[in-house]
Amino acid sequence: MAIRKSNKLSQRAMLKQILKRCSSLGKKNGYQDEQQGGLPMDVPKGHFVVYVGENRSRYIVPISILSRPEFRVLLQRAEEEFGFDHDMGLTIPCDEDFFESLTSSMLR
């Protein structure tokens, strides 16, 4: 049982780190609009930006997707491959078609 608690805590900490990182990226890139919380104008409140695939295609996804186990797997892969300490934005290491299929099924 203690393992589950620590696992939940580490997942919670990871999600907080991701959200903090996404927010700080907007400020680093010159997006200082207070109404949008420092994010670009095309990112609605409650959403964040990820980059997917070899071409780093930009996707805007709702924060609620962070609670989905399927998305957490992608985040763990991103952490293993890229870490979270870089200036290139949150990059998801998977094929764009797979990402679109996965996220569309999660958002139904």
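## Chain overview

A contact here means heavy atoms within 4.5 Å. Among contacts between residues at least 6 apart in sequence, 49% join residues at least 24 apart. The model is predicted: local features need pLDDT of at least 70, side-chain atom pairs count only at pLDDT 80 or more, and totals for chains, interfaces and linings use all residues. Residues are numbered from 1 along each chain as its sequence is written, and side-chain values use heavy atoms, with hydrogens and water left out.

The chain has three helices and three strands, and their order from the N terminus is α-β-β-α-β-α. Helices (H or I, at least four residues) and strands (E, at least two) are DSSP runs, numbered from the N terminus. Of the 108 residues, 36% are buried; buried means under 20% relative accessible area, exposed over 50%, and partly exposed in between (1.4 Å probe, protein chains only).

## The sheet

The strands form an open, mixed sheet in the order β2-β1-β3. β2 (57–62) and β3 (91–92) are the edge strands, each with a single partner, so one side of each has no neighbour in the sheet. Strands count as paired if DSSP finds at least two bridges between them.

β1 (residues 47–52) runs antiparallel to β2 and is joined to it by six bridges. Within this pair, Phe48 stands opposite Val61 and Tyr51 opposite Arg58. The two strands form a hairpin with four residues between them, and Gly53 in the turn has a positive phi of about 80°.

## Core and helix packing

Helix α3 (residues 96–106) lies across β1, β2 and β3, at about 15° to β2. Axes are lines fitted to C-alpha atoms, for helices over the stretch in contact, and angles run from 0 to 180 degrees between N-to-C directions.

The largest nonpolar core holds 16 residues, of which Phe48, Val50, Phe71, Ile92 and Phe99 touch the most other members. The elements giving two or more residues to this core are β1, β2, α2 (69–82) and α3. Such a core is a set of buried Ala, Val, Leu, Ile, Met, Phe, Trp, Tyr and Cys residues joined through side-chain atoms within 4.5 Å. Leaving aside residues up to four places away in sequence, Val50 touches Ser57, Arg58, Tyr59, Val61, Phe71, Leu90, Ile92 and Phe99.

## Helix α2

α2 has 14 residues and reaches 20 Å from its first C-alpha to its last, close to the 20 Å expected at 1.5 Å a residue; the expected span is 1.5 Å times one less than the number of residues. Its buried residues are Phe71, Leu74, Leu75 and Ala78. These cover an arc of only 100° around the axis, which puts them on the same side of α2. The arc is that of the directions from the helix axis to the C-beta atoms.

The face of α2 turned away from the buried side carries the exposed residues Pro69 and Glu80. Gly83 follows the helix, with a positive phi near 75°.

## Asp42

Asp42 is in the loop between α1 (2–28) and β1. Its relative accessible area of 43% makes Asp42 partly exposed. Not counting residues up to four places away in sequence, Asp42 touches Arg58 and Ile60. Asp42 and Ile60 are 18 residues apart in sequence and 8.6 Å apart in space, C-alpha to C-alpha.
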